[in-house]
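Okay, thanks for coming, everyone. I'd like to walk you through one structure today. Have a look at it first.

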Amino acid sequence: MSIDATLKVLTERVQEHANTMLTEEAVKTAVVLPFLQSMGYDVFNPGEVIPEFTADAVGKKGEKVDYAIKLDGEIRILIECKPISTQLDKNHLAQLYRYFSVTSAKFAILTNGRFFSLLQ
């Protein structure tokens, strides 16, 4: 399926099921993983798409980002998910930036399944 077709399917899914995607896990399963798969990532390979990746910042231990994508042995992309009902704000971006700043990631994505914010 092309990326355009995948985005159309995911858009329709969000519109149809937004009232049932009330948890972070639902957003990850219904939106994020299919999107990553459409981009060619092997979402079933935990060496490539790493769930609950530890990204400890100074003074913060046990910090975990929802997904880290590893390419050529390096963390390249971080993804932080929130429930669809969450209004993404600067506090969520600050959380993601903490993870981003302690890894080799080139991009970081914050999403609630409906909206996506990108750090680079």
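This is a predicted model: local features need pLDDT of at least 70, side-chain atom pairs count only at pLDDT 80 or more; totals for chains, interfaces and linings use all residues.

Residues are numbered from 1 along each chain as its sequence is written, and side-chain values use heavy atoms, with hydrogens and water left out.

How many aromatic pairs does a search of the whole structure find? It finds 2. To count, ring centres of Phe, Tyr or Trp (its six-membered ring) must lie within 6.5 Å; planes under 30 degrees apart are stacked, over 60 edge-to-face, and the rest tilted.

Helices (H or I, at least four residues) and strands (E, at least two) are DSSP runs, numbered from the N terminus. Buried or exposed, you ask? Buried means under 20% relative accessible area, exposed over 50%, partly exposed in between, with a 1.4 Å probe and protein chains only. Phenylalanine 35 has 23%, so it's partly exposed, and phenylalanine 116, at 44%, is partly exposed too.

Then there's tyrosine 97 with phenylalanine 100, also tilted: 6.3 Å between centres, 50 degrees between planes. Both are in helix H3 (residues 90-101), 3 residues apart, about one turn of the helix. Here tyrosine 97 is partly exposed because its relative accessibility is 49%, whereas phenylalanine 100 counts as buried at 13%.

Now back to E5. Strand E4 (residues 107-111) runs antiparallel to E5, and 4 bridges join them; strands pair if DSSP finds at least two bridges between them. Leucine 110 faces serine 117 in E5. The hairpin has 4 residues between the strands, and glycine 113 there takes a positive phi near 90 degrees.

Last stop, the surface. Methionine 39 sits in the loop between helix H2 (24-38) and strand E1 (49-54). With 45% relative accessibility, methionine 39 is partly exposed.
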